[in-house]
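I opened a new notebook page for this chain.

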Amino acid sequence: VAFKTSSSKISSQFDIAAQLMYDRIVHDITTNASTDTRNDFDLQTWNKKTTGGLQDQDRVLLAKLYRGANLVFVYGLDESTYIADHVGVPRYAGIDSDVSWVDQTRKQV
């Protein structure tokens with residue numbers, strides 16, 4: 001699904017940033033395809049649970065979906081970012097309004 005179409009207009013700085021990140025991800029998607037390494041997700045040993053609202057069944061489902069994904073683009077970084085990193089999503093990008101949370105997350109993934 002393309003982010004921008006000929007009939008859509010980008011109206012805010014957030015929209016511009018989102019479009020730039022989307023374009024970068026789509027452009028780079030094939031770069032990591034041949035070196036793809038994935039990891040299993042084990043709920044019993046998972047130690048990065050946050051208070052963002054994920055239940056255990058959500059974690060398992062999300063890990064399964066992420067394990068099969070070539071790229072993930074999210075609005076808002078949280079535990080799902082850690083799950084994506086753990087299972088080895090080749091290309092992951094996200095936007096979050098909390099600069100300190102983004103900095104903290106970058107240090108952990």
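**Terms first.** I call runs assigned by DSSP helices (H or I, at least four residues) or strands (E, at least two), and I number them from the N terminus. This is a predicted model, in which local features need pLDDT of at least 70 and side-chain atom pairs count only at pLDDT 80 or more, while totals for chains, interfaces and linings use all residues. Residues are numbered from 1 along each chain as its sequence is written, and side-chain values use heavy atoms, with hydrogens and water left out.

**Entry 1: the pocket.** I looked up the largest pocket. On a 1 Å grid over the protein atoms alone, a pocket is an open set of points with protein on both sides within 12 Å along at least five of seven lines, and lining residues have an atom within 4 Å of a point. Which element gives the largest share of the lining of the largest pocket? I found that E2 does, with 5 residues. Helix H1 (13-28), H3, E2 and H4 each supply at least two lining residues. The space in this pocket is about 520 Å³. That volume is the space filled by probe spheres set on the points, which are joined across faces, edges and corners; the probe is 1.4 Å. Of the 19 lining residues, Leu77, Tyr92, Ala93, Gly94 and Arg106 are the closest to the centre.

**Entry 2: helix H2.** I checked the length of H2 next. The expected span is 1.5 Å times one less than the number of residues. H2 (residues 56-67) has 12 residues and should span 16 Å; its end C-alpha atoms are 16 Å apart, so the two agree. Then I looked at burial: buried means under 20% relative accessible area, exposed over 50%, and partly exposed in between (1.4 Å probe, protein chains only). Arg59, Leu62, Ala63 and Tyr66 are buried in H2. They are on the same side of H2, because they cover an arc of only 100° around the axis. The arc is taken from the directions from the helix axis to the C-beta atoms. Gln57, Lys64 and Leu65 are exposed on the other side. The buried residues of H2 pack against strand E1 (71-75), helix H3 (79-87) and strand E2 (91-95). I count a contact when heavy atoms are within 4.5 Å.

**Entry 3: helix H3.** H3 is mostly covered, with 7 of its 9 residues buried. Among them are Tyr82, Ile83 and Val87. The buried residues of H3 pack against H2, E2 and helix H4 (99-108). Just after H3, Gly88 has a positive phi of about 90°.

**Entry 4: the cores.** A nonpolar core is a set of buried Ala, Val, Leu, Ile, Met, Phe, Trp, Tyr and Cys residues joined through side-chain atoms within 4.5 Å. The largest one has 16 residues; Phe41, Tyr66, Val72, Ile83, Val87 and Val89 touch the most other members. H2, E1, H3 and H4 each give two or more residues to this core. H3 gives the largest share, 4 residues. Apart from this core lies another, of 5 residues, including Phe73 and Ile95.

**Entry 5: two single residues.** Is Thr105 buried or exposed? Thr105 counts as buried, because its relative accessibility is 2%. Thr105 lies in helix H4. Leaving out residues up to four places away in sequence, Thr105 touches Leu77, Thr81 and Tyr82. Lys49 sits in the loop between H1 and H2. At 44% relative accessibility, Lys49 counts as partly exposed.
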